[in-house]
Amino acid sequence: MDATPEFEHPSNDDRINLSCLYPWSQGPLVAHLQELLGACGYRLRPDGDFGWITEAAVRDFQRRNGLRVDGIVGDRTWSLLLSKIKPGSRTMRLGYCGSDVRELQGLLQVYGYRVRRTDCFDRDTQDAVLAFQRSHHLEATGEVTPITWAVMCDGKTGQPPPARSKWLLERGRWR
């Protein structure tokens, strides 16, 4: 199965339908789950197969976050997973939701793009990302990869990068 899940989106809502997932489920929604777990630090390959490794990661996530440990990904598990995603820890694309998408939308607003902070990567967000990528001479994919994220964050701070340490030959130490 392709590591980049493809989702069908209804015409009136770009949000991915996060239905309940059970161990041994398969498909693009499982790959999305695996991507979210990976962004939370679990070492998973997003292959779309809810096998025993994914189940163990879900159970561990549930245990660590005070949820009922059943290995089933329902509303509470989805909600907590989406709130725990650190910005820049995954590639964001159309239909994805979470706290990282909210941060992205805030950054886009700082850059002057008119997007609403909805926590969902909708078509307006995708259009703003495309415009940002074009204006910064990045590959215009509409997806926020680590490269796009890094360019957005570096430009946001307005500060020069930190000074690099230099090796002082005469004293034989780092400065």
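Helix 1 (28-39) and helix 3 (residues 75-84) pack at an angle of about 45 degrees, with their axes 10 Å apart, where axes are lines fitted to C-alpha atoms over the stretch in contact and angles run from 0 to 180 degrees between N-to-C directions. That angle makes helix 1 oblique to helix 3, since angles under 35 degrees count as roughly parallel, over 145 as roughly antiparallel, 65 to 115 as roughly perpendicular and the rest as oblique. This is a predicted model, in which local features need pLDDT of at least 70 and side-chain atom pairs count only at pLDDT 80 or more, while totals for chains, interfaces and linings use all residues. Residues are numbered from 1 along each chain as its sequence is written, and side-chain values use heavy atoms, with hydrogens and water left out.

**Overall architecture**

- The protein has six helices and two strands, which are DSSP runs numbered from the N terminus (helices H or I with at least four residues, strands E with at least two).
- Read along the sequence, these elements follow the pattern α-α-α-α-α-α-β-β.
- Helix 1 passes helix 3 in a left-handed crossing, a term that applies if the near helix is turned anticlockwise from the far one by less than a right angle, and the crossing is right-handed if clockwise.
- Of the 175 residues of the protein, 42% count as buried, where buried means under 20% relative accessible area, exposed over 50% and partly exposed in between (1.4 Å probe, protein chains only).

**Salt bridges**

- The count comes to seven salt bridges, each defined as a side-chain nitrogen of Lys or Arg within 4 Å of a carboxyl oxygen of Asp or Glu.
- One of them joins the side chains of Glu 35 and Arg 93 (3.4 Å, N to O); Glu 35 lies in helix 1 and Arg 93 in the loop between helix 3 and helix 4, so the pair ties together parts that are 58 residues apart in sequence.
- Glu 35 counts as buried at 15% relative accessibility, and Arg 93 likewise counts as buried at 9%.
- Asp 100 and Arg 90 meet in a salt bridge (2.7 Å, N to O), which links Asp 100 in helix 4 to Arg 90 in the loop between helix 3 and helix 4, 10 residues apart, and both residues are buried.
- Through salt bridges that share partners, Glu 35, Arg 93 and Glu 143 are joined into one network.
- Within helix 2 (residues 52-64), Glu 55 and Arg 59 are four residues apart and therefore separated by about one helical turn, and their closest N and O atoms, 3.1 Å apart, form a salt bridge.
- In this pair Glu 55 is buried, with a relative accessible area of 17%, whereas Arg 59 counts as partly exposed at 30% relative accessibility.

- Trp 24, Trp 52 and Ile 53 form a nonpolar patch on the surface, with about 430 Å² of accessible area together; patches are made of residues with over 30% relative accessible area and no salt bridge, like charges being joined within 9 Å and nonpolar side chains (Val, Leu, Ile, Met, Phe, Trp, Tyr) within 5 Å.
- Accessible areas come from the Shrake-Rupley method with a 1.4 Å probe, and for residues only the protein chains shown count as cover.
- Trp 24 is found in the segment before helix 1, is exposed with a relative accessible area of 57%, and has a positive phi of about 80 degrees although it is not a glycine.
- Asp 119, in the loop between helix 4 (99-110) and helix 5 (123-135), has a positive phi of about 70 degrees although it is not a glycine, and it counts as partly exposed at 27% relative accessibility.
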